[in-house]
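Subject: Structure handover

Hello,

Here is the structure I promised to pass on. Please open it alongside this note; what I found follows below.

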Amino acid sequence: VSEWTGKEIHFPDDFQCHLSLKDTLPDVCLSLMNAEYKILLYVDSTGCSNCRLKLASWRHLIEEADSLFKDKLSFLFFFQPKNKKEMTYLFIRDNFNYPAFIDENNKINQLNHFPERMEYQCFFLDKDNKVLMIGNPALNFRIWKLYKQTISERAQADVMPVTKVSIEHAKFEIKDLQTGKTSEAAFTLQNTGTQPLVIQMVDASCGCTVPVWEKQPVAAGKSTEIKVQITPEEKGYFNKTITVHCNVEKGRISLNITGVVDD
């Protein structure tokens, strides 16, 4: 996840979007690509199409997004169908009328080299096609809640004065991690700007990391501490990202915790 955050997604020059996999809609393509936020779903030709598409779930998410954000959020469905007739049937069966991009030559994957696991083949993008987050909201409602919250908070940050933050150590390595045993990491953030620092939310990439932070604004020149409790669930290399949503220029700050879990 941390590897993809901030990456720019590249799109083929000759892609076309279709309604119900039939009618070409060039103007619609352009408006989808120019949205302030985009959710890109890539589905290749492997596995069960019905299981991977989940069109009914996506239809509900699109309806909710339309009511909350109007044209601010678009959905970019890039499909590489192994059987176009079967996919057309699924679109009709699930009453899915949102435009989709048919990429029979798999060009988008050739340009970007997406992860192989399908839960990591969905990307939340900004207006410049940079990855803000990764995860499939049709598979995990918590991810959808996070995407919605991010759009709302960034909209709030647009009208909130921006400040600057200095972090002594954005990466924290913990030694002697053990499964089931709780350790703690602490990050110090100093407000080096001229406006109060407002931390709206601190989000962890995994349930085994629990952040704690002060909810009050941090005055210019002052510092605050974000403490993270870590309780590993399995052995091996530990690498988790903590995202601090606040009124800095990019709207968020990434912190990283690493270590090796011995037992």
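Accessible areas here come from the Shrake-Rupley method with a 1.4 Å probe. On that basis, the protein exposes about 13,800 Å² of accessible surface, and carbon and sulfur atoms own 47% of it. Bear in mind that this is a predicted model.

Overall build first. The protein has 15 strands and six helices. Its radius of gyration is 20 Å, close to the 18 Å that the globule rule gives for 263 residues, so the protein is as compact as a globular protein of that length. Along the principal axes, the C-alpha atoms fill a box of roughly 60 × 45 × 30 Å. Of the 263 residues, 48% are buried. Take the contacts between residues at least 6 apart in sequence: 70% of them join residues at least 24 apart.

The largest nonpolar core holds 51 residues. Leu40, Trp58, Leu73, Phe75, Phe77 and Phe79 have the most contacts inside this core. What does Phe75 touch, leaving aside neighbours within four places in sequence? Its contacts are Leu32, Ile39, Trp58, Leu61, Ile62, Ala65, Tyr98 and Trp144.

Next, the aromatics. The count comes to 19 aromatic pairs. One of them joins Phe77 and Phe96: the ring centres are 5.4 Å apart and the planes stand at 80°, so this pair is edge-to-face. The cut-off for that label is over 60 degrees. The pair links distant parts of the chain, 19 residues apart. Phe77 is in strand S4 (residues 73-79). Phe96 is in the loop between helix H4 (84-93) and strand S5 (100-102). Both residues, Phe77 and Phe96, are buried.

Phe96 also pairs with Phe91. Their centres are 5.3 Å apart and their planes at 80°, so this pair is edge-to-face as well. Phe91 is buried too, like Phe96. Phe77, Phe91 and Phe96 belong to one aromatic cluster, together with Trp58, Phe75, Phe79, Tyr98 and Trp144.

Last, two lysines over rings. Lys215 has its charged end over the ring of Trp213, 4.2 Å from the centre. Lys240 lies over the face of Phe238, and here the distance to the ring centre is 5.7 Å.

Over to you.

Best wishes

Key:
Residues numbered from 1 in each chain as written. Predicted model: local features only at pLDDT ≥ 70, side-chain atom pairs only at ≥ 80, totals over all residues. Heavy atoms only, no water. Core = buried A, V, L, I, M, F, W, Y, C linked by side-chain atoms within 4.5 Å. Buried < 20%, exposed > 50% of the residue type's maximum accessible area, 1.4 Å probe, protein only. Contact = heavy atoms within 4.5 Å. Phe/Tyr/Trp six-rings, centres within 6.5 Å; stacked < 30°, edge-to-face > 60°. Helix = DSSP H or I, 4+ residues; strand = E, 2+ residues; numbered from the N terminus. Lys NZ or Arg CZ within 6 Å of the ring centre and 35° of its normal. Rg over C-alpha atoms; globule rule 2.2 N^0.38 Å.
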